[in-house]
Amino acid sequence: MEMLVALAIGILTASGTFLTLRGRTFPVVLGLTLLAYAVNLFIFSSGRLVIDGAAVLQQGLPVPDPLPQALVLTAIVIGFAMTAFAVILSMRARADLGNDHVDGSIRSQQNDGDQR
Amino acid sequence: MSHLPILPILIPMLAGILLLLPPLRTTLTRQRIASLVSAGINLLVAVVLLNQSATGEVAVYAVGDWHPPYGIVLIADRLSALMLLLTAILLFAALLYASAGEDETGRFFYPLMMFQALGINGAFLTGDLFNLFVFFEILLIASYSLLIHGGGKHKTRAAVHYVFLNLVGSAIFLFALGVVYGSIGSLNMADMALRVRELSGAELELAKVGGLLLLVVFGLKAAMLPLQFWLPRTYATAPGPVVALFAILTKVGIYCMMRVHGMIFGDYAGDIADLIQPWLWATAILTIAIGAIGALSSPSLKRLAGHLVIVSVGTLLSALAINTPAAISAALYYAAHSTLAGAALFLVSELISEQRGGALDMIVRSRPVAQPVALGITFFITALALIGMPPFSGFIGKLMVMQSATTMMQMSSTWPTLLIATLFALVAFSRAGSTLFWRATGKNSDNIKVSSTKYAAIWLLLLAAPLMSLFAGPIVDFTAATAAQLDQFAQTPEILLNGGNR
C-alpha cells in the first residue's frame, strides 16, 4: 500500500517534471497538471495512510486525520483555477507570438535545421 | 476581541467586489474615486495598526473565534504592521499614478489591484502556514492578470515565464507543506515552533527537508540567486503602476523567511536551529553580485531598476544571514527604503519612456524629454536614494546593514560586496542619466502633456527618502523593537497561542 502510493506520487512527479521542462506550452501545461495531481496525493498521504479505518467516525476503528483532506480540497480548487489560467495564457501566447514555444520564438530549433 | 486586524483583508476584498458591480463599474471616474477612497481607508487602518503595535501590543485574531492551534489566526505585531503600512502607501501611490490614464488601456484594472492588495495584506497578517499559501495564490493570480494589463507581445512573453515558474513554485510550496505537516504535525506557526523542538530521528530530517523546500519557495518570490532570472524581464514589461505595487512582492518572500525560518527554524529550534543561514551566505553575496553586474549591462532604465531590486534582495538576504537582532533591524529599515525608492524608480522610468517617443526608456541617444528639469530632478533624487548617497535613506540603510556585521568573516564577505555593488549602481545610474537627459539629438516635436497627478504619485513615494533619514532615530527605534519582538516570539511562541500579551 505504502509502496503503491509512493510509486504513484513518484512517477507522477517525474513525468510532471519532465513535461514541465519541454519547450512548448502544451506539454508544459500537462506537466503542471501532473505535478498538481502528484502534490494532491502527497498532501493526502501526509496525514498517514490508514487501512480499514473509519470513513468519518466510527467507534472502535482508527480515525484518519481530517486536516489533510481539507487541505487537499483547497489545493485541488486552486490548482484547477491556475491550470485554467495557464491554458488561456498559452492560447493567448500562441495568438500573440505566432507560435507555441515557451520562449515565444523557435530560433533555437531553426539552428538545428529542425524547422524553418 | 477587536476586529481591527482583519480590516486590511476585508477592505480591499469588499472594494474589489464592489468595483465589479454596476453602480461603480459603469464609469471610469467612479472606479477611480472608489478605489482611491478605499486605498485611503486602507492606509488609515494601516497607520492605526502601526500605532497600536508600536505600544508592544500583539493582536492575535482568531478567525471565526476558532482558537489556535486548530483555527486560523491573524497576527498583527510590529513586523506585520510595518509591512502593511508599506503596502498601503504603495497601493495608494500606484492607484494615483494609474488614475492619470494608465487605467484606460485595459479592463478590470482597479478590481485586480484591490485583489492583489488583498493577497499581499493577507500574506503579511496570517499566522498559519497553509493560509499563507492561499494568500500567495490570491496575490499571484491577480499579478498574472495585471502583468498582461494593456496587452502586447512582450507582456505575453514575460507573463508565460512568470506564470509557469510560479505554478511550479506553488507545487513546491504544497510539497513542502505536506512534508512539514507530516513531520511536525501542525500548520499554526507558533504551534510548529513549539513542536519542532521536540522532534528527533526521521521526523527531524523530514522537517529539515520541509524547511529547505520552503526556502526555495520564498527564494523564488524574493528573487534569490538561482531563482532570479524571471525578475528583470517581467518587471521591465509590466505597466508602471503595477510594477510599483510589485516592488513589495520580493519583500513578501523576505518577510516569510523572517517569519517562518526566523520563528520555526530559528535560533531556538533545538537540533535544526538556524536551518537556512549556511545557505543564505553564499546566495546573498552572489545575488548582490549578479544584480550589480546586471545593472551595468542593462539596455533600458526599467531593466536597470529590476536589477537593482535584485541587489536590494541580496542586501536583505545578507542581513538575514548575519541573523542578529541588529541585522534584522537593519534589514527592516533597508526593506522599507528599497521598496519605496524602487517603486518610485519604476514610475519615473515610465514617465521618461512616455516622453521619448519610440526610444522609450532604452539607454540610447534619442530626442530630449519634454520636461528635462522637473523629470531630471526627480530622476536624480531617486537615483541618489537608490545608490545610497548620504542625505537620503539608502545611505543609512546600507550603513546599518554593514554595521550589523561584527565578526571578521561577516565583514570580509558583506562589506566589499555591498560597497562594490554601490559603485556599480553609481556607474550604471551615471551612464543612464547622462544618456537619457543630455545625449539628446533633435527637438522634442511632440506636445506631450504630463499630468501633475503622476508627479504627485512619484513624490509621495520619493518623500520617504529624505523623511526616512530625517526621522531615522524613531524609525530605527521601531525596527529595533520589531527585531527584539521577533526574537521574543522565537524564544517563547506560547505568547502567540495564548491570544497575545495584552
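This is a predicted model: local features need pLDDT of at least 70, side-chain atom pairs count only at pLDDT 80 or more; totals for chains, interfaces and linings use all residues.
Residues are numbered from 1 along each chain as its sequence is written, while chains are lettered from A and ligands numbered from 1 in the order in which they are written.

**Figure 1. Overall form of chain A.** Chain A contains 4 helices and 0 strands, where helices (H or I, at least four residues) and strands (E, at least two) are DSSP runs numbered from the N terminus. Its order along the sequence is α-α-α-α. The radius of gyration of chain A is 20 Å, well over the 13 Å given by the globule rule for 116 residues, so the chain is more spread out than a compact globule. This radius is taken over C-alpha atoms, and the globule rule is 2.2 Å times the number of residues to the power 0.38. Along the principal axes, the C-alpha trace of chain A spans about 70 × 25 × 15 Å. Of the 116 residues in chain A, 27% are buried. A residue is buried if 20 or more other C-beta atoms lie within 10 Å of its own, exposed if 12 or fewer, and partly exposed in between, with C-beta atoms placed from the backbone. Among contacts in chain A between residues at least 6 apart in sequence, 50% join residues at least 24 apart; two residues are in contact if their C-beta atoms, placed from the backbone, lie within 7 Å.

**Figure 2. Overall form of chain B.** Chain B has 22 helices and 2 strands. Taken along the principal axes, the C-alpha atoms of chain B fill a box of roughly 70 × 60 × 40 Å. Buried residues account for 59% of the 502 residues in chain B. Of the contacts in chain B with a separation of 6 or more, 78% are between residues 24 or more positions apart.

**Figure 3. The contact of chain B with chain A.** Chain B contributes 22 residues to this contact and chain A contributes 26 residues. On the side of chain B that touches chain A, the elements giving two or more residues are α6 (129-147) and α7 (153-184) of chain B. The largest share of this side, 17 residues, comes from α7(B). By class, the residues of the side of chain B that touches chain A are 15 nonpolar, 4 polar and 3 charged. Here Ala, Val, Leu, Ile, Met, Phe, Trp, Tyr, Cys and Pro count as nonpolar, Asp, Glu, Lys and Arg as charged, and the others, Gly among them, as polar.

**Figure 4. Helix α3(A) against helix α6(B).** The axes of α3(A) and α6(B) come within 12 Å and cross at roughly 10°. Axes are lines fitted to C-alpha atoms, for helices over the stretch in contact, and angles run from 0 to 180 degrees between N-to-C directions. The two helices, α3(A) and α6(B), are therefore roughly parallel to each other; angles under 35 degrees count as roughly parallel, over 145 as roughly antiparallel, 65 to 115 as roughly perpendicular and the rest as oblique. From α3(A), the residues A:Leu71, A:Thr74, A:Ile78, A:Ala81, A:Met82 and A:Phe85 meet B:Phe130, B:Val134, B:Glu137, B:Ile141 and B:Tyr144 of α6(B). The contact of α3(A) with α6(B) comprises 9 nonpolar, 1 polar and 1 charged residues.

**Figure 5. Helices α1 and α5 of chain B.** Helix α1 (residues 7-19) and helix α5 (residues 109-125) of chain B pack at an angle of about 165°, with their axes 8 Å apart. Accordingly, α1(B) and α5(B) are roughly antiparallel to each other. Residues of α1(B) in this contact include B:Pro8, B:Ile9 and B:Leu19, and those of α5(B) include B:Tyr110, B:Phe115 and B:Leu125. The contact of α1(B) with α5(B) divides into 13 nonpolar, 3 polar and no charged residues.

**Figure 6. Loop residues with positive phi.** Most residues other than glycine have a negative phi. A:Arg48, although not a glycine, has a positive phi of about 70°. A:Arg48 lies in the loop between α2 and α3 of chain A, and counts as exposed with 12 C-beta neighbours inside 10 Å. B:Asp65, also not a glycine, has a positive phi of about 60°. B:Asp65 is placed in the loop between β1 (59-62) and β2 (73-76) of chain B, and counts as exposed with 8 C-beta neighbours inside 10 Å.
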